[in-house]
Structures are given as structure tokens and as C-alpha cells.
Amino acid sequence: MLIGLVFAGLINFGSYWFSDKLVLKIYGAEPLSEEEYSELHDTVEELAGKAGIPKPRLYRSSMDAPNAFATGRSPEKGVLCVTQGLLDQLEKEEVEGVMAHELAHIKNRDTLINAVVATLAGAIAMIAELGFWSSLFTDEEAGEMFSALAFMITVPLIATLVRMAVSRSMEFRADSSAVKIQGSREGLSSALQKINRAAQAKPRGHTSKVQEAGSNLFIYNPFSSDSITKYFSTHPPLEERLENIESTEV
């Protein structure tokens with residue numbers, strides 16, 4: 001159990017500590033020019049002040065799908081990345097809503113929370129697998145080996161469901177916080193609907209497995225679903241997010 005916890009902890013601590021460098025590299029993001037996008041820099045600075053955090057570093061990914069994500073191990077090390085598609089396709093108020101959502105993630109230290117939850121889930125999965133394989137080298141009866149196999153399968157599955165539920169909860173919280181930071185419901189609500197339509201209209205294209213694995217960081221996960229697989233999704237269904245936004249007091 002201790003080995004599993006330490007091993008999972010080391011992996012996720014590394015991902016957490018170098019989260020900004022890793023994710024920016026995956027999506028080929030570059031610093032967003034303050035001269036070319038001075039209005040956006042001013043907007044983020046104003047919203048960050050309302051959120052009570054330092055202005056994060058701004059980056060841009062060349063992806064043509066409208067989206068954005070935030071990362072960084074603390075508000076002081078915060079990074080906010082927007083895609084070129086978001087800059088091209090969303091209106092000013094919609095961009096502000098997206099920026100407020102990502103600033104809420106930074107303020108709430110959701111990168112740290114994700115790392116802690118991932119560490120626990122990873123440790124549980126390792127413990128379950130170690131338990132099963134150790135049972136093969138003991139004089140266990142068939143029934144006990146079957147129980148060990150069931151334990152190896154079900155326990156990590158439950159841990160994954162819990163981890164996904166925590167992630168969806170953080171998205172709800174960031175949406176609610178964004179409404180209060182921006183002082184409006186319409187911007188974020190309209191942005192999510194427009195991002196959803198763009199994701200539905202355009203095929204995935206040549207998306208690498210690494211990029212798909214990091215899609216949970218974005219404000220909208222294009223691989224989410226409203227079916228039973230939504231319980232394995234990092235993001236809530238769009239309709240539930242819109243209902244949550246409408247119920248949030250400005």
C-alpha cells in the first residue's frame with residue numbers, strides 16, 4: 001500500500017509541479033502578444049483583480065476549435081491559454097465569460113486538487129493490482145482468487161468514478177464563480193453553447209492520444225457525452241451546466 005501511494009504520488013506530483021510547461025508543450029502554445037492582443041490582456045487583468053488573484057501568463061494555441069484552459073501549481077504561477085478558434089469565433093462578452101471561468105480554476109487551485117485526487121485514485125488502482133498478483137503466488141483457493149480479481153476490477157473503477165465526479169464538481173464551481181467574477185450569466189452561457197456547436201459540427205481530425213488525455217483541462221471537453229458514459233466524463237453535460245449558470249446569483 002505504501003509503495004503504491006508513493007509511486008502514484010511521485011508521478012502526479014511531477015505532473016502538478018510542471019503542469020504549465022507540460023500542457024503548453026502538448027498543445028504547442030506560445031505567449032500571447034501583449035501588443036497584438038492588448039484588449040484581451042487588459043480584460044484578463046481586470047477580471048483577475050475581481051477574482052483577487054495575480055494576472056496569469058497568457059498563451060495561445062493554434063487550434064482552430066474554440067476552447068481555453070488554465071493550469072499552474074498556484075495562483076502566482078497561473079497560466080491561461082486560449083485557442084485561435086476562440087479568439088476568432090467568440091464575441092467579446094463570451095470571451096470574458098470563458099476567461100472568468102479559467103480564472104476561477106486558478107483561484108480555486110483546481111490543478112492541485114486534481115493532482116491529489118489523481119494520486120489517491122492511482123494509489124488505489126496500484127494496491128488493487130498488487131493484491132491480485134500477490135494472490136497468484138500464495139495458496140489461495142479459487143473463490144479467494146476470484147474475489148481478488150473482482151477487487152482488482154471494481155475498486156479502481158469506483159476510484160475513477162469518484163475522480164470524474166470531483167472533476168465535474170469543479171467545473172460547476174468554476175462556472176458559478178465565473179458568473180460572479182464577470183457579473184453576468186449571458187457571456188459564459190453563450191460561449192459554452194457556441195463552443196459546443198463548434199465541437200459537434202467539426203470532426204476530431206488528427207488528435208493525438210496525448211492531446212485527448214489533456215482535453216479534460218479545457219473549459220469544454222469535446223469527448224464528453226450525455227449518455228451513460230457521462231459518469232466517466234470530466235465535464236458535466238452542457239444542459240446541466242447551463243442550468244447551474246442560470247441558477248447562480250450575479
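**Sheet and helix packing in the predicted model**

The protein's secondary structure amounts to ten helices and four strands, where helices (H or I, at least four residues) and strands (E, at least two) are DSSP runs numbered from the N terminus. The model is a predicted one, in which local features need pLDDT of at least 70 and side-chain atom pairs count only at pLDDT 80 or more, while totals for chains, interfaces and linings use all residues. Residues are numbered from 1 along each chain as its sequence is written, and side-chain values use heavy atoms, with hydrogens and water left out. Along the sequence, the elements follow the pattern α-α-β-α-β-β-β-α-α-α-α-α-α-α. Of the 250 residues in the protein, 44% are buried; buried means under 20% relative accessible area, exposed over 50%, and partly exposed in between (1.4 Å probe, protein chains only). Among contacts with a separation of 6 or more, 68% are between residues 24 or more positions apart, a contact being heavy atoms within 4.5 Å.

Strands of a sheet pair through backbone hydrogen bonds, either parallel or antiparallel. Here, four strands form an open sheet with mixed pairing, in the order β1-β2-β4-β3; two strands pair if DSSP finds at least two bridges between them. The edges are taken by β1 (30-31) and β3, each with a single partner strand, so one side of each is left without a neighbour in the sheet. Strand β2 (residues 57-61) runs parallel to β4 and is joined to β4 by five bridges. On the other pairing, strand β3 (residues 68-71) and β4 are antiparallel, with four bridges. A70, in turn, stands opposite L80 in β4.

How buried is strand β4 (residues 79-83)? Five of its five residues are buried, so β4 is largely enclosed by the rest of the structure. The cover extends to both faces, with V79, C81 and T83 buried on one side and L80 and V82 buried on the other.

Helix α5 links this sheet to the helical part of the description. Helix α5 lies across β3 and β4 and runs at about 20 degrees to β3; axes are lines fitted to C-alpha atoms, for helices over the stretch in contact, and angles run from 0 to 180 degrees between N-to-C directions. The helix (residues 92-107) has 16 residues and spans 22 Å from its first C-alpha to its last, close to the 22 Å expected at 1.5 Å a residue, the expected span being 1.5 Å times one less than the number of residues. Of the 16 residues of α5, 13 are buried, so this helix too is largely enclosed by the rest of the structure. R109, which follows α5, has a positive phi, near 55 degrees.

Two packed helices are described by the angle between their axes and the distance between the axes. For α5 and helix α8 (residues 186-201), the angle is about 95 degrees and the axes are 7 Å apart. That makes α5 roughly perpendicular to α8, given that angles under 35 degrees count as roughly parallel, over 145 as roughly antiparallel, 65 to 115 as roughly perpendicular and the rest as oblique. On the α5 side, E93, E94, G97, V98 and H101 meet E186, G187, L188, S190, A191, K194 and I195 of α8. The residues of this contact divide into four nonpolar, four polar and four charged, where Ala, Val, Leu, Ile, Met, Phe, Trp, Tyr, Cys and Pro count as nonpolar, Asp, Glu, Lys and Arg as charged, and the others, Gly among them, as polar.

Helix α8 also packs with helix α10 (residues 238-246), their axes coming within 10 Å and crossing at roughly 170 degrees. That makes α8 roughly antiparallel to α10. L188, S189, L192, Q193 and N196 of α8 make the contact with L238, R241, L242, I245 and E246 of α10. By class, these are five nonpolar, three polar and two charged residues.

Two single residues complete the picture. D175, in helix α7 (residues 142-182), is buried at a relative accessible area of 0%. Leaving aside residues up to four places away in sequence, D175 touches H101, L188, L192, R241, N244 and I245. I26, by contrast, is found in helix α2 (residues 19-26) and is partly exposed at 32% relative accessibility. I26 and S61 lie 35 residues apart in sequence and 9.9 Å apart in space, C-alpha to C-alpha.
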